[in-house]
Amino acid sequence: MSTTIHVYPTTDYLPLVEETRLRTQELFQWFLHKQNIGGTLEVQAFYQGKRRCRVESSVRWQVGMDLGFAYLIDGEWRGGSWPELWERDRIDQWWVDDYEKSDGKFGFPSSMLGQIVPLDNDDFAGNLSEEELRVVNSFDYFWDEYRNAGAPAVTSVGYGFAAAALAEETNGRLASFDGAFDDIGHNGEFADQFLSWWGDAQMKFYGVDAFRW
């Protein structure tokens, strides 16, 4: 099935897309070398529907860019993923109606109408302090890095490195709510924690041959 990795920033820095692209490429190339897999890994950032239209080096992330990352080994396209910056949902009347109909068990009170739908510590497997959670909920945007169902191994590894690059650049917290992580206990990790296991876990699943042309 398709899976996504979210990155919730804790700083207001919006990186250049080129920063993210280059760091993703560095992380992936380092990983291939670590696994003794030959070949040159290249990541290309492009606009969806315009695969030959690459993102200019001066462009910063913004909501609704419709970007894709292509993964090439020795110049051959091996897969792609879809990183996107999204606005967080806000509490609307539906949430308020649910709150009133359920006697406060679900939804949010009318006093919160228009505010960001808050994440709680259960979403991060209990890994955040109250202050850390407050910081996460102070931002009205997040990144969503998506891979299609049945995507090749190169994509399934690469989209994690793209998410890690974004987390590095924004001191962000990583999480998945649709099965990208086998263990939900990884929700809430910083990039360095995530990188300590991500590549090895994917390689164990796919095997070295999946990365050879």
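Just after helix H4, Asn 171 adopts a positive phi of about 50°. The structure discussed here is a predicted model. Its mean pLDDT is 94, and 98% of the residues reach 70 or more. Confidence is lowest in strand S3 (residues 50-54), where the mean is 73, and highest in S7, at 98.

**Helix H4.** This helix contains 18 residues and spans 26 Å from its first C-alpha to its last, close to the 26 Å expected at 1.5 Å a residue. Of the 18 residues of H4, 17 are buried, so the helix is largely enclosed by the rest of the structure.

Phe 31 and Phe 161 are both buried.

Phe 181 and Phe 194 also form a pair; their ring centres are 5.7 Å apart and their planes meet at 50°, so the pair is tilted. Here too, distant parts of the chain are linked: Phe 181 is in the loop between strand S7 (173-175) and helix H5 (191-195), whereas Phe 194 is in helix H5, 13 residues apart. Phe 181 counts as buried because its relative accessibility is 7%, under the 20% limit. Phe 194, at 0% relative accessibility, likewise counts as buried.

| Pair | Centre to centre | Angle between planes |
|---|---|---|
| Phe 181 and Phe 194 | 5.7 Å | 50° |

Elsewhere, Trp 61, Phe 69, Phe 139, Tyr 141 and Trp 143 form one aromatic cluster. A charged residue also meets an aromatic ring: Arg 173 lies over the face of Phe 190, at 3.8 Å from the ring centre.

**Gln 202.** Helix H6 (residues 198-206) contains Gln 202. With a relative accessible area of 13%, Gln 202 is buried, because this value falls under 20%. When its neighbours within four places in sequence are left aside, Gln 202 is in contact with Ser 156 and Val 157.

Definitions and conventions. Residues numbered from 1 in each chain as written. Predicted model: local features only at pLDDT ≥ 70, side-chain atom pairs only at ≥ 80, totals over all residues. Heavy atoms only, no water. Buried < 20%, exposed > 50% of the residue type's maximum accessible area, 1.4 Å probe, protein only. Phe/Tyr/Trp six-rings, centres within 6.5 Å; stacked < 30°, edge-to-face > 60°. Helix = DSSP H or I, 4+ residues; strand = E, 2+ residues; numbered from the N terminus. Lys NZ or Arg CZ within 6 Å of the ring centre and 35° of its normal. Contact = heavy atoms within 4.5 Å. pLDDT = per-residue confidence, 0-100. Expected span 1.5 Å × (residues − 1).
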